[in-house]
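Have the structure open while you read.

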Amino acid sequence: MRTRPTLSWTPAEDLPPGTTDLQPVADALRVGGVVVLSGAGISTESGIPDYRGEGGSLSRHTPMTYQDFTGSVHARRRYWARSHLGWRTFGRARPNAGHRAVAAFARHGLLSGVITQNVDGLHQAAGSEGVVELHGSLSRVVCLSCRALSSRRELAQRLEEANPGFEPVAAGINPDGDADLTDEQVGDFRVVPCTVCGGVLKPDVVFFGENVPAPRVEHCRRLVREASSLLVLGSSLTVMSGLRFVRQAAEAGKSVLIVNRDPTRGDRQALTRIALPLGAALTTVADRLTISLDGD
């Protein structure tokens, strides 16, 4: 019997309350050696909704799973129709103050690494280097047969040519770049194959129900092992792919600091959770450290 991946989490009533005190974050950054773990919440101010916050996409949308994508031609047609439309909006998103603050902290030598659960590339667009994309990137496409990688922009052009006049109006865009379309809107959308071997193309992202590659997980574990503290930005930590690093840091006696407006699954392991909007919070921290978000 196939099981569905964990998509939601109900906070316990006795979780520690969130605060608005940003001093612990500023103090940790002054020490340096901080590893950032970011989630969908850091990109909401760039116009990309999150999964689980207020108005999050899970209230109206179930993300594609690896099992559904690989097991159904219809599911792949629906995914690529919705993702093709969503990419037009997703690809135009620009970094916000939160992304720029993370890049500025790294530029000043305060970070030892950045791990992101996001697939939007906005940390890199803001200037962060060496970002570990835990769940991959929507900017790349991989063939499930020959494993050839190609550009999402190249695929977008091929899909445009294969589906002239495809201009449905989406009800919304989701954190994975998937647009909300009905089956009628998807219609007979044409999916294109790999140009190398004719195989099935998939975005180079980790779908729900799919495992993060083991070498990538070990790279993240090493970053956490060598860090002085872990700073979580905009993640509910509902899924184990991110939560495991919080647990690892806490078990090693490292400080875990979380900036997220809503309770998270890692709150019990955290020194503090700051319940503030990320852009404003990180801008305030940068000001306290006399760091400019837009260069020195």
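## Helix 4 against helix 10

In this predicted model, the helix 4 side of the contact is made by Ala97, Gly98, Ala101, Val102 and Phe105, and they meet Gly279, Leu282, Thr283, Val285 and Ala286 of helix 10. Sort those residues by class and you get seven nonpolar, three polar and no charged ones.

As for geometry, helix 4 covers residues 97-107 and helix 10 covers residues 278-288. Their axes sit 8 Å apart, at an angle of about 30°. Angles under 35 degrees count as roughly parallel, so helix 4 and helix 10 are roughly parallel to each other. The two helices cross with a left-handed sense.

## Helix 8 against helix 9

Next up is the pairing of helix 8 (residues 214-226) with helix 9 (residues 240-251). Here the axes come within 10 Å and cross at roughly 35°. This crossing of helix 8 and helix 9 is right-handed.

Which residues of helix 8 and helix 9 meet? Helix 8 brings Val217, Cys220, Arg221, Val224 and Arg225, while helix 9 answers with Arg244, Phe245, Gln248 and Ala249. By class, this contact of helix 8 with helix 9 splits into five nonpolar residues, one polar and three charged. For the charged part, look to Arg221 and Arg225 in helix 8 and Arg244 in helix 9.

## The second largest pocket

Where does the lining come from? Helix 3 (73-90), helix 5 (122-125), strand 4 (136-143) and helix 6 (152-162) are the elements that each give two or more residues to the lining of this pocket. Strand 4 gives the most, with four residues.

Conventions: Residues numbered from 1 in each chain as written. Predicted model: local features only at pLDDT ≥ 70, side-chain atom pairs only at ≥ 80, totals over all residues. Heavy atoms only, no water. Axes fitted to C-alpha atoms, helices over the stretch in contact; angles between N-to-C directions. Parallel < 35°, antiparallel > 145°, perpendicular 65-115°, else oblique. Left-handed = near helix turned anticlockwise from the far one by under 90°. Contact = heavy atoms within 4.5 Å.
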